[in-house]
Amino acid sequence: MSVRVLLVDDEPLIRAGLRAIVDSEAGLTVVGEAADGAEVPGLVARLRPDVVLMDVRMPAVDGIRATTHLMSTVDEPPKVIVVTTFENDDYVYDALVAGASGFLLKRARPEEIITAIRTVVTGESLLFPAAIRRLAAQHTPTGDGLASASLTEREREVLRLMAGGLSNVEIAGELFLGVQTVKTHVGNVLAKLGARDRTQAVIRAYDSGFVTPAGPTT
């Protein structure tokens, strides 16, 4: 089944470039385009994309507001990848907190764009963990180290490895567990944290101080 992609960017040339890259890849299809975040709710309802490539900065409704709206109003929202010019843009971290599953630089190579789309669709690993770690380093933790989440010790181990960017298969190898067992632990972590996907779980881990850009604190 083809992965349906919606492109949202106020620059026509950026949309055209993304369309050419996505449509050239087997199994990926651009189903629509928008020039502003204000158009996103209606297009998502009508086109039912699996992934939205969303410019983080737009004139009327930016990518953060559009992402927040999707996550709060759509029962099964699409995965959102925010697209930005600058990696250290505060808007990017805010978009991840709002519910985006990852981000891409506008200068990303075609293969990086394709990999990003497939990564967020499968949800088996974190997109660009090192970049997320650098963004987290610019923010001061404000939580309780996830003490209130009542994670088991195994779930805490799994979350630390998720934050390190390990895939389910890699976590299984690290902890000498079956892949299905790891998937169960990941699912439990997401449920306890109220996180939609592993990106949101990792953002919660950083914001709470459970892990820091320098490594785990607990």
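Hi everyone. Helices here are DSSP runs of H or I with at least four residues, numbered from the N terminus. With that in hand, Arg15 sits in helix 1, residues 12–23.

A word on the source: this is a predicted model, so local features need pLDDT of at least 70 and side-chain atom pairs count only at pLDDT 80 or more, while totals for chains, interfaces and linings use all residues. Residues are numbered from 1 along each chain as its sequence is written, and side-chain values use heavy atoms, leaving out hydrogens and water.

Back to Arg15. Is Arg15 buried or exposed? Arg15 has a relative accessible area of 14%, and buried means under 20% (1.4 Å probe, protein chains only), so Arg15 counts as buried. Beyond its neighbours within four places in sequence, Arg15 is in contact (heavy atoms within 4.5 Å) with Leu7, Asp9, Asp10, Glu33, Ala34 and Ala35.

Now, please look at helix 8, residues 168–175. Its buried residues are Asn168, Ile171, Ala172 and Leu175. They lie on the same side of helix 8, because they cover an arc of only 105° around the axis; that arc is taken from the directions from the helix axis to the C-beta atoms. What covers these buried residues includes helix 7 (153–163), helix 9 (179–193) and helix 10 (198–208).

How values were computed: Helices (H or I, at least four residues) and strands (E, at least two) are DSSP runs, numbered from the N terminus. Buried means under 20% relative accessible area, exposed over 50%, partly exposed in between (1.4 Å probe, protein chains only).
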